[in-house]
Amino acid sequence: MTERTTVPDLGVGVGLRVPHYRGVLERRPPLDFFEIISENFMVPGGKPRHHLERVLETYRVVQHGVSLDIGGPQGPSPEYLRRLKALARETGTPWVSDHFCWCGSSGVHLHDLLPLPYTEEAIRRVSERARVVQDTLELPFALENTSSYLTYRSSSMPEWEFLTEVTERADIGLLLDVNNIYVSSYNHGLDPIQFLEGIPAHRVVQIHVAGHTHVGEYIIDTHRGPILPPVWDLYRLAIERIGSVSTLIEWDDAIPELDVLLAEADQARSERDRALAARARGETSVDAEAVRAALCALRGQPAVRDPGWLQGGPRESAGKESDHEAA
Ligand SMILES: [Fe+2]
């Protein structure tokens, strides 16, 4: 997969979640696609597969996974990949995605998306495995930037450089979660604009947007509630940079009525159209300095761009040795 154009732009979709099965199947609302969590359907037969088959009668479905474990000590399991590929054959998913993360060790699966250290060794490990996954699945494969709540002293580059190196070396796609960029930028003192400018735009096959929860020292990627204004700003900046690309609303906690989710999808369409119109005029619809300043203010920092804001870099290793032991 060397060109993004080999992956179709499906439009705007939402995650397929159990509380909406009935409404979706009875009303068949005008959504462009659904994203499913692959692991929820990787068993033959049963109710989940029955519902999925009925959804597939009307909609395109894209597969997104949460337990590939691309970065852990053992790496992806061949049996998991076999079952993932079997499901992909049935759904006709145009690509398969998972996360830049590790999930456990020594046979223990932690059911969490743990961040990776941004090192040359991790780039080698993850890119080699990602290439194997893509070849095995015989489909375009993409990895998603996660939100994170810790960093590693061993990291030697910012996250966007890591994402770029892996996707280029493995020749895979990037699933860009702009809410995760916002969450990690707040949690680690990153500049979200610099982050967006640093990602490889031609590698992006899909965008995620979601709600988050501010709990004081941290912002948690809860996928709860509507998408907040600064995340829409980042979304439009991403579209202005990347162009038209499949966009998915993630809403997984306190799941609302279907109509609320459909309204959020409509909002995504209008944000996308606004960004594409600005892009066509060679302009921008976003005051990037205001986005940066607002995040700095929320963090209680001066509203200036600090070149030391590199994850695992000078900001976090200077003067914070004791409370940032690598985990
Ligand atoms: Fe996401």
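Let me start with a helix pair. Helix α8, residues 229–242, and helix α10, residues 288–299, have axes that come within 11 Å and cross at roughly 145°. Keep in mind that this is a predicted model. The crossing of α8 with α10 is left-handed.

Which residues of α8 meet α10? On the α8 side they are Pro 230, Asp 233, Leu 234 and Leu 237. On the α10 side they are Ala 288, Val 291, Ala 294 and Leu 295. Sort that contact by class and you get 7 nonpolar residues, no polar ones and 1 charged.

Now the second pair. Helix α3 covers residues 78–91, and helix α4 covers residues 120–137. Their axes come within 10 Å and cross at roughly 45°. α3 and α4 are therefore oblique to each other. This crossing is right-handed. From α3, the contact uses Leu 81, Leu 84, Lys 85 and Ala 88. From α4, it uses Val 133, Thr 136 and Leu 137. By class, the α3 contact with α4 holds 5 nonpolar residues, 1 polar and 1 charged.

A step back to the whole chain. It has 11 helices and 12 strands. Of its 327 residues, 44% are buried. Take the contacts with a separation of 6 or more: 77% of them join residues 24 or more positions apart.

Next, a stretch I would like you to find on the screen. Strand β8 is residues 173–177. Helix α6 is residues 178–188.

Strand β8 first. Is β8 enclosed or open, and how many of its residues are buried? The count is 5 of 5, so the strand is largely enclosed by the rest of the structure. Both of its faces are covered. Gly 173, Leu 175 and Asp 177 are buried on one side. Leu 174 and Leu 176 are buried on the other.

β8 also has a partner. Strand β7, residues 141–144, is joined to β8 by 3 bridges, and the two run parallel. For a landmark, look at Ala 142, which stands opposite Gly 173 of β8.

Then helix α6. Here 11 of the 11 residues are buried, so α6 too is largely enclosed by the rest of the structure. The buried residues include Val 178, Ile 181 and Val 183. They also include Asn 179, Asn 180 and Asn 187, along with Ser 184 and Ser 185. Tyr 182, Tyr 186 and His 188 complete the list. After α6 comes Gly 189, with a positive phi near 75°.

Last topic: two aspartates with positive phi. For Asp 69, phi is near 65°, a positive value in a residue other than glycine. Asp 69 sits in the loop between β3, residues 60–64, and α3. For Asp 171, phi is near 60°, again positive in a residue other than glycine. Asp 171 lies in the loop between α5, residues 159–170, and β8.

Buried or partly exposed? Asp 69 has 25 C-beta neighbours inside 10 Å, so Asp 69 counts as buried. Asp 171 has 15 C-beta neighbours inside 10 Å, so Asp 171 counts as partly exposed. The cut-off for buried is 20 or more.

To recap the two helix pairs: α8 and α10 cross at roughly 145°, and α3 and α4 at roughly 45°. That is my tour.

Notes:
Residues are numbered from 1 along each chain as its sequence is written. This is a predicted model: local features need pLDDT of at least 70, side-chain atom pairs count only at pLDDT 80 or more; totals for chains, interfaces and linings use all residues. A residue is buried if 20 or more other C-beta atoms lie within 10 Å of its own, exposed if 12 or fewer, and partly exposed in between; C-beta atoms are placed from the backbone. Helices (H or I, at least four residues) and strands (E, at least two) are DSSP runs, numbered from the N terminus. Two residues are in contact if their C-beta atoms, placed from the backbone, lie within 7 Å. Axes are lines fitted to C-alpha atoms, for helices over the stretch in contact, and angles run from 0 to 180 degrees between N-to-C directions. Angles under 35 degrees count as roughly parallel, over 145 as roughly antiparallel, 65 to 115 as roughly perpendicular and the rest as oblique. A crossing is left-handed if the near helix is turned anticlockwise from the far one by less than a right angle, and right-handed if clockwise. Ala, Val, Leu, Ile, Met, Phe, Trp, Tyr, Cys and Pro count as nonpolar, Asp, Glu, Lys and Arg as charged, and the others, Gly among them, as polar. Two strands pair if DSSP finds at least two bridges between them.
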